[in-house]
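Reader: Please pick one part of the structure below and look at it closely. I would like to know how it sits against the rest.

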Amino acid sequence: MVKKTKSGFKKNTDSVSNAFSRSGMSMQEVESKLVDHGIQPSLQRIKLAQYLLGKADHPTAEQIYTWAQKELGKISLATVYNTLSTFIECGLIQEFKFPHLDQVIYDCRMDHHFHFVDTKSQRLHDVDSGSLRVQLKLPKKFLVEKFDIVFKGVIED
Ligand SMILES: [Zn+2]
């Protein structure tokens, strides 16, 4: 359930205390980020968001689910998917589908950027959109709304 208003949230300040994550974003900071995005901040959502905005690095839903089962205990895959769709809908994270992967990956970086796939480790690295210049000659009637570019290669030591 997504609430667009900022009022009316029942804040559970006991369970959402001053706990600080290794990623640097406290639960309270994550909580207000969720509220800013119009997401009702349940404890489960705060923890998932804390993981996605911090430690997680372009995770798949499966990786998120594995993490959630370990860290949050009983949680269904459906709940994980629902939470991810809420986060995407509210602009907290975005999803990418790559031709080399049969799974969607989730990204907390919201600006327009590209990815470099390290073909050895399959790890994704962010590439700033400013590092690319494209010269394209398309027929005038082709109106580009979006384009995706994936770079593949190895990373030298
Ligand atoms: Zn990215």
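Author: The largest nonpolar core has 20 residues, and Val30, Ala49 and Leu52 touch the most other members. A nonpolar core is a set of buried Ala, Val, Leu, Ile, Met, Phe, Trp, Tyr and Cys residues joined through C-beta atoms within 7 Å. Buried means that 20 or more other C-beta atoms lie within 10 Å of a residue's own, exposed means 12 or fewer, and partly exposed lies in between, with C-beta atoms placed from the backbone. At least two residues of this core come from each of α1 (27-36), α2, α3, α4 and β2; α2 gives the largest share, six residues. Helices (H or I, at least four residues) and strands (E, at least two) are DSSP runs numbered from the N terminus.

This is a predicted model, in which local features need pLDDT of at least 70 and side-chain atom pairs count only at 80 or more, while totals for chains, interfaces and linings use all residues. Residues are numbered from 1 along each chain as its sequence is written.

The part to look at is helix α4. The buried residues of α4 are Val80, Thr83, Leu84, Thr86 and Phe87. They line one face of the helix, because seen down its axis they fall within an arc of 160°, taken from the directions from the helix axis to the C-beta atoms. An α-helix has 3.6 residues a turn, so residues three or four places apart point the same way. The face of α4 turned away from its buried side carries the exposed residues Ala78, Asn82, Ser85 and Glu89. Among the elements covering the buried residues of α4 are α2 (43-53), α3 (61-72) and β2 (104-107). After α4 comes Gly91, with a positive phi near 75°.

Key. Contact = placed C-beta atoms within 7 Å.
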